[in-house]
Amino acid sequence: MKDKDTVCEDDTFANIFNLHSKTVFNYIYYKFGNEEKAHDAVQEAFVKLWENCAKVSPAKAKSFVYTVANNLYLNVIKAEKVRLKYADKTLKTTQESPEFLLEEKEFKEKLERALQSLPENQRTTFLLNRIDRKKYAEIAEMEGVTVKAIEKRMHLALKALRAKIDGI
Amino acid sequence: MQENHLSKWIDQELTEAELKEFKASEGYATYEKIKAVSDRLSAPDFDTDQAFAAIRQRTAPVAETKVLSLRPYTRFLKVAAAIVLLISGAYVYLNSLDTHIATQFAENKTITLPDNSNVILNAGSQLSYDEDQWDTERNITLSGEAFFKVAKGKKFTVATDAGTVTVLGTQFNVVQRDGYFKVSCYEGLVSVLIAGEETRLPAGKTLTKIKGTISAASVTKNGKPSWIDKESTFQSVPLRFVLDEFERQHNVEVVTKAIDLDKVYTGTFSNDNTELALKSISIPSQIKFKFEGNKVLFYAQDTP
């Protein structure tokens with residue numbers, strides 16, 4: 001059984017990559033706001049996974065790549081501006097008024113600025129949950145903390161965002 | 001309201017009552033908006049296929065990458081191997097060459113051989129020997145004149161064009177110049193082989209071969225050839241050889257005019273005083289000389 005299902009199998013490796021590469025990319029991007037570094041982190045993490053494929057079981061591959069990606073830039077780069085896209089295609093189908101659209105656009109800009117000012121761990125948690133639809137448990141696994149800690153971060157993130165947007 | 005209610009709310013984990021309470025609370029409108037807007041946010045584009053291809057390039061074609069990176073390395077190895085071969089070849093070749101020692105005119109050299117035998121090489125002479133083979137056979141090739149103090153041991157051979165001298169441990173002098181071959185034994189016994197004929201030469205004897213004529217004479221036992229003491233001594237030697245030796249010792253060009261070069265000369269001349277040497281040669285031979293710069297002209301006494 002262990003012979004059949006190792007990360008060294010091309011299919012298994014490709015599977016793990018397809019499942020997690022995008023999130024690894026986003027994870028690093030949310031932390032530092034640098035796309036290039038996020039791309040590098042993905043490469044580095046999965047190349048390391050491939051090199052250590054004999055030692056890392058498929059079950060542990062996920063946390064392995066997050067750890068590698070995270071360690072790569074640990075204390076190395078400072079957060080740059082996190083620029084997020086706004087999926088306007090969902091809006092196109094709706095019949096919103098131009099005023100509403102403008103208001104939404106303005107709100108999005110406010111939100112981005114507010115996100116910018118968040119501590120890195122709160123921003124990462126918030127965006128992983130909102131954009132990548134990651135459960136708190138999953139985020140906790142990536143960050144290597146308890147679910148409770150992630151809930152706390154999310155709570156604080158929301159609170160800080162609202163305060164910033166409402167100018168409190 | 002329970003702890004971290006905001007994260008519970010966005011995760012839709014609040015109870016009906018809690019939700020009701022939250023909706024009534026201050027800031028709910030903004031929270032609702034944050035939720036709605038952030039739902040439509042997305043991260044920068046990430047091309048999974050492209051990223052995977054990039055990783056495959058770094059991982060899968062390991063063998064290919066290795067071949068590529070090895071290529072310049074093997075080329076380097078080839079060059080390095082060629083250089084090593086050349087150097088070692090040259091080293092072996094040069095090492096196999098005999099040790100070669102030569103003296104210029106007016107120069108003497110003392111050579112200590114590997115077995116501590118001594119050779120004093122007179123002016124304008126050269127010798128060679130194989131240092132590596134010295135332990136098995138003591139062979140020296142000589143052209144010119146040299147005095148040998150041979151340490152006791154295996155057969156010691158001095159080969160010249162005119163003949164071969166073989167000894168076991170002794171002191172002897174060998175001269176081989178154009179048409180002139182002389183071996184003087186000062187100690188022990190030497191064997192001289194000239195054209196297949198062996199002559200045993202005991203201490204105090206000299207063997208001279210001038211233009212095919214072999215003659216014997218005596219020298220001082222346990223002595224040494226006079227040139228060691230910066231003098232050249234001749235006993236019934238044709239003048240041509242004497243003048244040749246003078247040329248070598250003083251590095252002076254000799255020109256003769258109307259002189260019988262076959263006339264024999266017996267005497268000694270200094271090797272470091274040219275003026276004195278000229279007199280030592282000319283007076284007993286009854287010839288005159290003119291010494292100018294680096295040239296000396298010998299001419300018959302009765303020539304005008």
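A: Let us start with burial in chain B, keeping in mind that this is a predicted model: of the 304 residues of chain B, 27% count as buried.

Q: How many helices and strands does chain B have?
A: The secondary structure of chain B comes to seven helices and 19 strands.

Q: How do I read a pair of strands, and in which sense do β11 and β12 of chain B pair?
A: In a regular strand, side chains alternate between the two faces of the sheet. In this structure, strand β11 (residues 189-194) of chain B pairs with strand β12 (residues 197-202) of chain B in the antiparallel sense, over six bridges. B:Val190 stands opposite B:Leu201 in β12(B). The two strands form a hairpin with two residues between them, and B:Ala195 in the turn has a positive phi of about 45 degrees.

Q: At what angle do the axes of α1 and α3 of chain A cross?
A: Helix α1 (residues 10-32) and helix α3 (residues 58-72) of chain A cross at roughly 30 degrees, their axes coming within 10 Å, and the crossing is right-handed. Among the residues that make the contact are A:Ile16, A:His20 and A:Val24 of α1(A), together with A:Ala61, A:Lys62 and A:Val65 of α3(A). By class, the residues of this contact divide into nine nonpolar, two polar and one charged.

Q: How is an interface between chains described, and how many residues does each chain give here?
A: The size of an interface is often given as the accessible area lost when the parts come together. Here we can count residues instead: the contact takes 37 residues from chain A and 26 residues from chain B. On the side of chain A that touches chain B, the largest share, ten residues, comes from α8(A). That side of chain A has 19 nonpolar, seven polar and eleven charged residues.

Q: Which residues of α8(A) and α3(B) meet, and how are the two helices oriented?
A: Helix α8 (residues 147-166) of chain A packs against helix α3 (residues 28-39) of chain B at an angle of about 110 degrees, with their axes 10 Å apart, which means that α8(A) is roughly perpendicular to α3(B). In α8(A), A:Leu158, A:Leu161, A:Arg162, A:Ile165 and A:Asp166 meet B:Thr30, B:Tyr31 and B:Ile34 in α3(B). The residues of this contact comprise five nonpolar, one polar and two charged.

How values were computed
Residues numbered from 1 in each chain as written. Chains lettered and ligands numbered in written order. Predicted model: local features only at pLDDT ≥ 70, side-chain atom pairs only at ≥ 80, totals over all residues. Axes fitted to C-alpha atoms, helices over the stretch in contact; angles between N-to-C directions. Helix = DSSP H or I, 4+ residues; strand = E, 2+ residues; numbered from the N terminus. Parallel < 35°, antiparallel > 145°, perpendicular 65-115°, else oblique. Contact = placed C-beta atoms within 7 Å. Nonpolar A, V, L, I, M, F, W, Y, C, P; charged D, E, K, R; others polar. Left-handed = near helix turned anticlockwise from the far one by under 90°. Pairing = 2+ DSSP bridges. Buried ≥ 20, exposed ≤ 12 C-beta atoms within 10 Å, placed from the backbone.
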